[in-house]
Amino acid sequence: MKKALLTLLLTPLLVACSQGNSTTEPSTTKTIVVATAGDIPPFDYEENGNLTGYDVEVLKAIDEKLPNYEVQFQKTAWESIFPGIDAGRYQAAANNLSYTKERAEKYLYSLPIAKNPLVLVSQKSQSLTSLDQIAGKTTQDDTGTSTAKLVTDWNQEHASTPATIDYSGEDVGKRLFDLANGEFDFLIFDKISVEKIIKDRGLDLAVVELESSNNPNNYIVFGSDQEDFKKEFDTALKGLYQDGTLEKLSNIYLGGSYLPDQSQLP
């Protein structure tokens, strides 16, 4: 009985000590705000008021694997994405982004999330089959894009017969519609978006894949101060590749298997 009484007397004291020494772990979840224009199907677009698309769903799947991070999306104009990263409003960007040397000098690139070559689009009645045929022709584009740079670089090498770029600010769907109506001569854009929009809208356009070592993959881009998140993102991405999730998302949103080569996901 004395032993039982001693145990009872000590129990409240032990509980009190335990409560006094307990500490609540502070939340370590870091919010990653991802900027997107939300107007490039099938990579990022709005459906029933919600952002979706391949880039968005890949990020959501990775968010599920990274409990220390919370991924949020912010829709903004294309021209505001990188200034927003520079200002710290956004930590990453998902907008069907290709690789450029200039961006890589300033931002961090993920491992590639899809293979997405460039195509040359023109009217079938006046179809173009190579970059050599854009001399003296007109295209539309946005400022700061890799496709506009491709044409600008081509113009520098063909200064006597340059192509003209009209910076329309229209989304790619409107540009393809205007191209089909003959408002300009050609468009350079990524294969997946072009083929989906042409199919969905029944546009009569010729599409030729550009044979070039500069044909882009598709990436997520991070601010230069997001090295930790980039590393965890890349690790989780490789997991999605290996368990089949990435291919499933590619088939759902891109209409086929457009995965990067396995050698690009070391």
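Which residues are linked in a network of salt bridges? I found E102, K149 and D153 joined in such a network. A salt bridge here is a side-chain nitrogen of Lys or Arg within 4 Å of a carboxyl oxygen of Asp or Glu.

**Entry: ground rules**

I noted that this is a predicted model, where local features need pLDDT of at least 70, side-chain atom pairs count only at pLDDT 80 or more, and totals for chains, interfaces and linings use all residues. Residues are numbered from 1 along each chain as its sequence is written, and side-chain values use heavy atoms, with hydrogens and water left out.

**Entry: salt bridges**

I looked up the count, and the rule gives 14 salt bridges. I then picked a few to visit.

My first stop was D243 and K65, whose closest N and O atoms are 3.9 Å apart in their salt bridge. This pair links distant parts of the chain, 178 residues apart: D243 is in the loop between α8 and α9 (245–254), while K65 is in helix α2. For the labels, helices (H or I, at least four residues) and strands (E, at least two) are DSSP runs, numbered from the N terminus. D243 is partly exposed at 45% relative accessible area, and K65 is partly exposed too, at 41%. The cut-offs I use are under 20% relative accessible area for buried, over 50% for exposed, and partly exposed in between (1.4 Å probe, protein chains only).

Next I checked D142 and R175, a salt bridge with 3.5 Å between the closest N and O atoms. Are D142 and R175 buried or exposed? Both D142 and R175 are buried.

Then I turned to K230 and D234, where the closest N and O atoms of the salt bridge are 2.5 Å apart. These two are about one helical turn from each other, because they sit four residues apart in helix α8. I wrote a reminder beside this: an α-helix has 3.6 residues a turn, so residues three or four places apart point the same way. D234 counts as buried, at 8% relative accessibility.

**Entry: a charged patch**

I stayed with helix α8 (residues 227–242), which also holds E232. E232 is partly exposed, with 31% relative accessible area.

**Entry: helix α2**

I went back to the helix that holds K65. Helix α2 (residues 54–65) has 12 residues and spans 17 Å from first C-alpha to last, close to the 16 Å expected at 1.5 Å a residue. The expected span is 1.5 Å times one less than the number of residues. Its buried residues are Y54, D55, V56, E57, V58, L59, A61 and I62.

Where is the cis peptide bond I looked up? A cis bond joins P41 and P42, with omega about 5°. P42 is in the loop between β2 (39–40) and β3 (44–47).

N48 has a positive phi, near 55°. It lies in the loop between β3 and β4 (50–52), and N48 is exposed at 76% relative accessible area.

N96 also has a positive phi near 55°. N96, however, lies in strand β6 (residues 92–97) and counts as buried at 13% relative accessibility.

**Entry: far in sequence**

I ended with some C-alpha distances. N217, in strand β14 (residues 217–222), is 119 residues from S98 along the chain, and their C-alpha atoms are separated by 5.8 Å. N217 counts as buried, at 11% relative accessibility.

Q140 is in strand β10 and counts as buried at 10% relative accessibility. Q140 and E170 are 30 residues apart in sequence and 8.5 Å apart in space, C-alpha to C-alpha.
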